[in-house]
Amino acid sequence: MYDIILRVHRFSPEESQTHTSAPNAIAHDKSATDASALNATAQPSSAPTSRSTTTDGKSPVPRGRKWTHDYRLTVSEHTNMLDCLLRIKRTQDPSLAFRYSCGHGMCGSDAVAINGIPRLLCLTKITTTFDDKAAPQPPDSTSTHIIEVAPLPAFPVVRDLIVDLEPMFSQIRRLTPYLKESGALRTLPNGKVNVFEYLQHPEELEAFDQLTNCIACGVCEGACPIYVQGTPFIGPAAAVAAGRFIFDSREGATQERFDAIDDSAGIWPCKGIRLCTQRCPRGIDISGSIWKIMKAIKANKEKQEFIHTKTAA
Amino acid sequence: MREHDALPFEKSALLLRATKGKAGCETTVGKDHSVTWNLTLIGVAVKGETDESRTSRRADTTSYLSVSCHGTFWYATNRSVDSLGKAFLVCRHTLIVKEQLDLLRRFPLSDTSLAIRNNLPRRSAENARIVSMTHSHLNSHYDAVIIGAGAAGLSCALGLVREWEKSQEPNHSPEEMPSVLVLSKVQPLRSHTGSAEGGIAASLGNIEPDNWQWHYRDTIKGGDWLVDQDAAKILTQEAPHTVIQLEHDGVAFSRTEDGHIAQRKFGGHTANGEKPVRRVAYAADRIGHQILHTLWQQCQRYDTIHFADEWYVTDLVVEGLNVPSADGDSPRVCGIVAMEEASGTLQSIEAPSVVLATGGAGRVYHTTSNSWDLTGDGMALALAAGLQLEDIEFMQFHPTGLAHTGILLSEAARGEGGVLRNSDLEPFMQRYAPGVGDLAARDVVARAIQQEVAEGRGVADPLTPDSPRDCVWLDLRSIEKERLEEALPEVCSTVREFAGLDPAKDLIPIKPTAHYTMGGIPVSLDGSVYCIMENKPKPAPVQGLKAAGECSCVSVHGANRLGANSLLDAVVFGTRSGRSIAETLRLHHPLPGQNTSAKTLATALAARTASIDALLSQARGSAISTPTDTISGDTTSADIAHASDSATASDNPYKLMNDVGIMMESHIGVSCDATSISSAIDQLENTFIPRAQRLTLHDASRTFNQELCAIMEARNLVHVALAMAVATLNRQESRGSLYRRDYPDRDDEHFLSHSFTATDGTVLHKPVVIDDYPPQKRIY
């Protein structure tokens, strides 16, 4: 059993409607102040944990309130981070907001930054976080471990650990993420044409199969320093979505797909940092795939130029 | 086209003007271009915050602007920005330049202005599409509203638009396309379809001879003859075509050496009832993920399929049942009331067609393979609207849930050669089902495991050696290591990740886990929802209301579903529902107006608004306990103890759903009897339903107030649980997944019929459709 403290970054946006009644709002503020005061007492040396926006009370619309909240738990070594947060919801604080669904790494809902590293809550065992370099140090030499949980970087925070992933999804959608089948039918060894499924040999499947594993969790985007910085870039998740079709032997619109990402704000800002590959919970070699896409684009260009010169000649 | 892409932006500039309490943007565009900006400002982060932490910017501001003008224009947010230095402005744009362009831009701002570089993502007009429904109000009317975006919901949307396209003249204009809204309480790619592992059954015969009649008969036998045979015939006849359509849509099926879709063996699928047959098409062990993503991707082709992600449907509005209809006795759907999770705003949507495709109710049980979202919302919506649930007493327990997590280890594990062993390491399934052994139907295996455990041959989860010996071993060691990794990657990683074991070397502890709700909202072969009334032989359809997938019951699964038939059911009958809506729209477009709809919807919206406002206004400002509270132990009993001492004040929906699950598991689990069922009903009626009604919020904010949704989910869950318990008590026999210790045999004389359970506890019956195969004893 381990004693742990989950230091959760929280954010409560200001709401423009006047739905929230004033007394409740005040009570809530007070509780947060208590919590941060408590944290501050516990760790006098650490930075202030409450980062609430200061308002003079007259300001019509403050942006919202940020603070960190420490939750103490005693858990077994096999517990994962999602178990911890769900237990907090059940037994300590039902108001803590975070996305989760399947609980075993298939739905892609629960990407957050744990000790600064983008990961899925359900696939992160508490014990694996203890060795993180960025793990906050406990105030004294107690055996308590502190685990910092923050929203996924690179995306706007909506509430607590919930971010708006719409930038990623609209990038993916923009790349027309559906098979534009070439419709090519293949001849069978016996000489007949197969009119049923598009035949695809296992090695052709191999060329893109890994990319179909993407669950669009956004971990790669949060891990990519280039994307996080705000550089115009389609981002690793959209690159995976593009590659999934580019390398599919059934695809008929590869040229169109090359054009869509062959751009200084397309795939080229990638500098091969490889953090996306390192963090991908599905084990996709994102960086390697991006490199392959770049290579394919270059090869395609050379081919086009060659044809062009030949025709011109 | 390309010209328009570039021009306005080359000459335009975006300025972020900030004064205390207000931020604004200004832009200039080329004079010759009429430009409409739809700008959604989704975040402003100011220097100081961005520099200080590795978590990068915090965007705090949300605002929605829509400006249409000519030349220079200016817009402002209603949000304050305290200071302005180097800032990031994160915007989502929809720019309309003659053709419609949808652009996403993220750009840094230095000081107060930035010229937008001419490197915008390009998009052709053909694919142009205004997509983002997030953070926006929906229209008040759609031709069809689909609730749920898993395999059934997405298939329905595709079936609808494709059927419509097919029936149109070649040169029709896109305006004529019906508008379809797909609402989902999670982003569609999060749907639980994505967790389906094993495969999708179809008699393609790619590897060995097979035909649909064999599949048909296996499905009926698997369902213990409670299957409506007309439905099962459609399911199995349409299966090969359906799988090939999925392949054409892009599903990356595993392949045979010659490039065909590969097929594997699966429990209960046989060649002429004799030996296991390779019938199940698969994509390693993540077929659900493949199908879900492919269907969502295909939906992106169509401008007329709109998505409303993270909207929770609070009410299904039906006239003529609970609410009297103005024009006679035929019940009719008016529309829905839904809440946007991100903003907490409620909206009513009128639609002549509404499809429920919300999935199952596995969360009624504590140990379940289902995601946290499967709280039976669609079923509860139907019950609340005055409809019935068919055969809801049949819950399938999947034999191989990973011990104490309930996470599913695919049946493919046994299809590939995995063997179940008891504490003596005996491969006991050979005793229970000679011949098919480990590939017997799921209920047979689940009960065999329970029998082994009851007779003292169970094992304890090695992670918690002191826990009860309620598991058995799954042995994958006989599968060649390379094949294991290739064919069962998800199983292997789940075992490694969640049990810390090596499937190639270690025995894996498994126990039955609640997996699939065979019963659900009664539907006919085209997905139309109906109810039956006492003394009326003819079912009464609810005009405009459809259901598909796990939340529905067209009764192809009967009393027990065969593996790999659930994805098939969702896609086949989802598509059929969609097609049938398209057909109705084509014949009556627009559908005959019902002027009472608006009024009924407005009443429902007002009632729901009042109830949610009441919850929010009662919300306490603080969490139930201080942050220093220590919760010890990993057991759920600690949670219950915690609940009892702090009573109502500390109750919350998460705790409630947990407690309901534990109760249901012990009382109406793999086996039950009248005493345990009656006790469950008593607890639901006298403890859990009142508790659900008393739940209050712990936070008053509207933005992603998850607890608010969870309260509604908990209230749905208890009512579905009650319907299950009532239906179970009513069925005095053992059939398929339902095993009653007090009635251990099947009783065709009295119970070869479907049950229809309403929320008031009345249970009616309807005979099973038997076309080809009269009931026989189900032996494997």
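Helix α8(A) is mostly covered, with 11 of its 11 residues buried; buried here stands for 20 or more other C-beta atoms within 10 Å of a residue's own, exposed for 12 or fewer and partly exposed for anything in between, with C-beta atoms placed from the backbone. The buried set takes in Pro236(A), Ala237(A), Ala238(A), Ala239(A), Val240(A), Ala241(A), Ala242(A), Gly243(A), Arg244(A), Phe245(A) and Ile246(A). This is a predicted model, in which local features need pLDDT of at least 70 and side-chain atom pairs count only at pLDDT 80 or more, while totals for chains, interfaces and linings use all residues. Residues are numbered from 1 along each chain as its sequence is written, and chains are lettered from A and ligands numbered from 1 in the order in which they are written. Helices (H or I, at least four residues) and strands (E, at least two) are DSSP runs, counted from the N terminus.

What does α8(A) pack against? The axes of α8 (residues 236-246) and α9 (residues 254-261) of chain A come within 10 Å and cross at roughly 160°. Axes are lines fitted to C-alpha atoms, for helices over the stretch in contact, and angles run from 0 to 180 degrees between N-to-C directions. The two helices, α8(A) and α9(A), are therefore roughly antiparallel; the cut-offs are under 35 degrees for roughly parallel, over 145 for roughly antiparallel and 65 to 115 for roughly perpendicular, with the rest oblique. Their crossing is left-handed, meaning that the near helix is turned anticlockwise from the far one by less than a right angle. On the α8(A) side the contact is made by Ala242(A), Phe245(A) and Ile246(A), and on the α9(A) side by Thr254(A), Arg257(A) and Ile261(A); contact means C-beta atoms, placed from the backbone, within 7 Å. By class, the residues in this contact of α8(A) with α9(A) are four nonpolar, one polar and one charged. Nonpolar covers Ala, Val, Leu, Ile, Met, Phe, Trp, Tyr, Cys and Pro, charged covers Asp, Glu, Lys and Arg, and the others, Gly among them, are polar.

Chain A also holds an open sheet of five strands, in the order β2-β1-β5-β3-β4 and with mixed pairing. Strands pair if DSSP finds at least two bridges between them. At the edges sit β2 (64-75) and β4 of chain A, each pairing on one side only. Neighbouring strands of the sheet are turned by 35° against each other on average, direction ignored. Strands β1 (residues 2-13) and β5 (residues 145-151) of chain A run parallel and are joined by five bridges, with Val8(A) partnered by Val149(A) in β5(A). Helix α2 (residues 81-91) of chain A packs on the sheet and touches β1, β2 and β3 of chain A, its direction making about 105° with that of β2(A).

Ala113(A) stands opposite Pro118(A) in β4(A). In a regular strand, side chains alternate between the two faces of the sheet. In β4 (residues 117-120) of chain A, Ile117(A) and Arg119(A) point one way and Pro118(A) and Leu120(A) the other, and all are buried. As a whole, chain A has 11 helices and seven strands, and buried residues make up 54% of its 313 residues.

Chain B comes to 19 helices and 31 strands, and 59% of its 780 residues are buried. Among its contacts between residues at least 6 apart in sequence, 74% join residues at least 24 apart. One helix pair in chain B is α16 (residues 653-667) with α18 (residues 706-730), packed at an angle of about 20° with their axes 9 Å apart. That angle makes α16(B) roughly parallel to α18(B), and the crossing is left-handed. Residues meeting here include Leu656(B), Met657(B) and Val660(B) from α16(B) and Ala710(B), Ala714(B) and Leu717(B) from α18(B). This contact of α16(B) with α18(B) has 12 nonpolar, no polar and two charged residues.

Finally, Ala460(B) lies in the loop between α10 (442-454) and β24 (472-475) of chain B. With 17 C-beta neighbours inside 10 Å, Ala460(B) counts as partly exposed. Leaving aside neighbours within four places in sequence, Ala460(B) is in contact with Pro465(B), Ser467(B), Pro468(B), Arg469(B) and Cys471(B).

Key:
Two residues are in contact if their C-beta atoms, placed from the backbone, lie within 7 Å.
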